[in-house]
Amino acid sequence: MITAIVFIQTDVARIPEVAEQIAALDGVSEVYSVTGELDLVALVRVRRHEEIADVVADRLNKVDGVLSTETHIAFQAFSKHDLESAFALGAETPND
């Protein structure tokens, strides 16, 4: 799984609507509203590098209200969470 972290500047008056539209895009796993110079941070998780361009350049950048983006590709995860299994297609969920 390839992870891209996308920093997004938006029309400030439209942050919630823009965030919801971005979160609905295939390949976008999470969108956060943040403080500081950025307005939103999105996590894009795809199987192939070529898909990053599909998600970011072809769809995310075209959401009305997105002013600019800066994309960073993750090299290695240092998390205790097993993200690969969490996002695996057809993953079984444990019964309560």
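What share of the contacts in the protein with a separation of 6 or more comes from residues 24 or more positions apart? The figure views below start with that answer.

**Figure 1. The whole chain, from first element to last.** In this predicted model, residues 24 or more positions apart account for 67% of the contacts with a separation of 6 or more. Of its 96 residues, 28% are buried. The accessible surface comes to about 6,600 Å², with 52% of that belonging to carbon and sulfur atoms.

**Figure 2. How confident is the prediction, and where is confidence highest or lowest?** Across the protein the mean pLDDT is 88, and 81% of the residues reach 70 or more. Helix α1 (residues 15-23) has the highest confidence, at a mean of 98, while helix α3 (residues 83-86) has the lowest, at 56. A word of caution as you explore: where pLDDT is low, the predicted coordinates should not be read in detail.

**Figure 3. Inside the largest nonpolar core.** This core holds 20 residues, and I8, I22 and V44 touch the most other members. Two or more residues each come from β1 (2-10), α1, β3 (40-46) and α2 (49-56).

**Figure 4. The buried side of helix α1.** Look for I15, V18, A19 and I22, the buried residues of this helix. They lie on the same side of α1 because they cover an arc of only 100° around the axis.

**Figure 5. A closer look at I22 and its partners.** Setting aside neighbours within four places in sequence, I22 is in contact with I8, V28, V31, L40, A42, L60, V63 and V66. Two of the residues in this view, I8 and I22, are also among those that touch the most other members of the largest nonpolar core.

**Figure 6. G27, a glycine in a loop.** You can find G27 in the loop between α1 and β2. Is G27 buried or partly exposed? Its relative accessibility is 26%, so G27 counts as partly exposed. Not counting residues up to four places away in sequence, G27 touches L43, V44, R45 and V55. Although G27 and L43 are 16 residues apart along the chain, their C-alpha atoms are separated by 8.5 Å.

Terms used
Residues are numbered from 1 along each chain as its sequence is written. This is a predicted model: local features need pLDDT of at least 70, side-chain atom pairs count only at pLDDT 80 or more; totals for chains, interfaces and linings use all residues. Side-chain values use heavy atoms; hydrogens and water are left out. pLDDT is the predictor's confidence in each residue, from 0 to 100. Helices (H or I, at least four residues) and strands (E, at least two) are DSSP runs, numbered from the N terminus. Buried means under 20% relative accessible area, exposed over 50%, partly exposed in between (1.4 Å probe, protein chains only). Contact means heavy atoms within 4.5 Å. Accessible areas come from the Shrake-Rupley method with a 1.4 Å probe; for residues, only the protein chains shown count as cover. A nonpolar core is a set of buried Ala, Val, Leu, Ile, Met, Phe, Trp, Tyr and Cys residues joined through side-chain atoms within 4.5 Å. The arc is that of the directions from the helix axis to the C-beta atoms.
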